[in-house]
Amino acid sequence: MNCKTQPSLALAAEHPQKNDISYFREHGFVKVKNALAVESAELLHQHIQQQKDWNLVFNHNGQHQDLNARAVDGWTTKQKEDLSRIVHSQASNGFQYLYENIPVYDIYHSNLLPGHFFNQIIEFLNSAQTLNYFRTLLSEPNISFADAQITRFGAGHFLNTHDDNVAGKNRVAAFVINLTKEWRPNWGGALHLLDNHGQITNSFVPTFNEVNIFKIPVDHYVGCVSPFATQKRVSITGWLRTGDNPRK
């Protein structure tokens, strides 16, 4: 599939609303509804829904692990139980995650899928228009680039508490471009922000064409998706960063 034949991805507005700028300045987070042009949101949703190959990612003793999600589906019951035991053992008392992803930032900068639509996501996020939008919204003129991954949370998937503040990454804020339709709150999978006492201060329920942005560092987590959820929580997540892009 050639990127050049696809419509360009675009924001719904060139500049953020003044009330969104004020809200972020006061609270350190903001929900921007209908953030993408309607055609762009639908195009992203369409291509992601058609994607068959995903990584299943988790943490093992501090090291990020990638498995082929379709291969894992074909494992024996015992193999799946062993993986769950490894993941849940660490999750019970430390940092852990389990979800599916497509690392579009790495794919783009390593030129792994030339001409693929997914490359447009990184180009869109790093276009002058998009970066200027975020610079204005966050009052952060030094934002120089964005990285991103596509994430998909199904039943049993989760992301434990962390703050995104990784040394050397120069992350200013995290963003979530919501691309989930017809989600029910009791399916779980919400993004929760915490205060210094570990109490939930704000929650972002999966939705469609809404961008959630929050300042780094702040403790947050994605709640476990219920076993009875019949849909998957889909989004493009990433960070707005300062300094030189180490992959460019």
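The model is predicted: local features need pLDDT of at least 70 and side-chain atom pairs count only at pLDDT 80 or more, while totals for chains, interfaces and linings use all residues. Residues are numbered from 1 along each chain as its sequence is written, and side-chain values use heavy atoms, with hydrogens and water left out.

N212 is located in strand 10 (residues 208-215); strands (E, at least two residues) and helices (H or I, at least four) are DSSP runs numbered from the N terminus. With a relative accessible area of 1%, N212 is buried, where buried means under 20% relative accessible area, exposed over 50% and partly exposed in between, with a 1.4 Å probe and protein chains only. The side chain of N212 also makes a polar contact of 2.9 Å with the side chain of N178. Apart from neighbours within four places in sequence, N212 is in contact (heavy atoms within 4.5 Å) with V30, K31, A174, F175, V176, N178 and F204. The C-alpha atoms of N212 and G154, residues 58 apart in sequence, are 20 Å apart in space.

N178 belongs to strand 7 (residues 171-179) and, at 3% relative accessibility, counts as buried. A polar atom of the N178 side chain lies 2.8 Å from the backbone oxygen of E210. When residues up to four places away in sequence are not counted, N178 touches V205, P206, T207, F208, N209, E210, N212, V234 and S235.

The side chains of R152 and E100 are joined by a polar contact of 2.7 Å. R152 has a relative accessible area of 17% and is therefore buried. Residues up to four places away in sequence aside, R152 touches Q51, W54, Y99, E100, H157, K232, R233 and V234. R152 and I102 are 50 residues apart along the chain, with their C-alpha atoms separated by 8.8 Å.

Helix 6 (residues 118-125) is mostly covered, with seven of its eight residues buried. The buried residues in helix 6 are F118, N119, Q120, I121, I122, F124 and L125.

For the protein chain as a whole, there are seven helices and 12 strands. The C-alpha trace spans about 50 × 50 × 35 Å along its principal axes. The radius of gyration is 18 Å, which agrees with the value near 18 Å for a compact globule of 248 residues; this radius is taken over C-alpha atoms, and the globule rule is 2.2 Å times the number of residues to the power 0.38. Of the 248 residues, 48% are buried. Among contacts between residues at least 6 apart in sequence, 80% join residues at least 24 apart. The mean positions of the 22 positive and 22 negative charges are 3 Å apart; Lys and Arg count as positive and Asp and Glu as negative, without His and the chain ends, and each charge is placed at NZ of Lys, CZ of Arg, CG of Asp or CD of Glu.

Terms used
A polar contact is a pair of N or O atoms within 3.5 Å; within protein, one must be able to donate a hydrogen and the other to accept it, and residues adjacent in sequence count only if both atoms are side-chain atoms.
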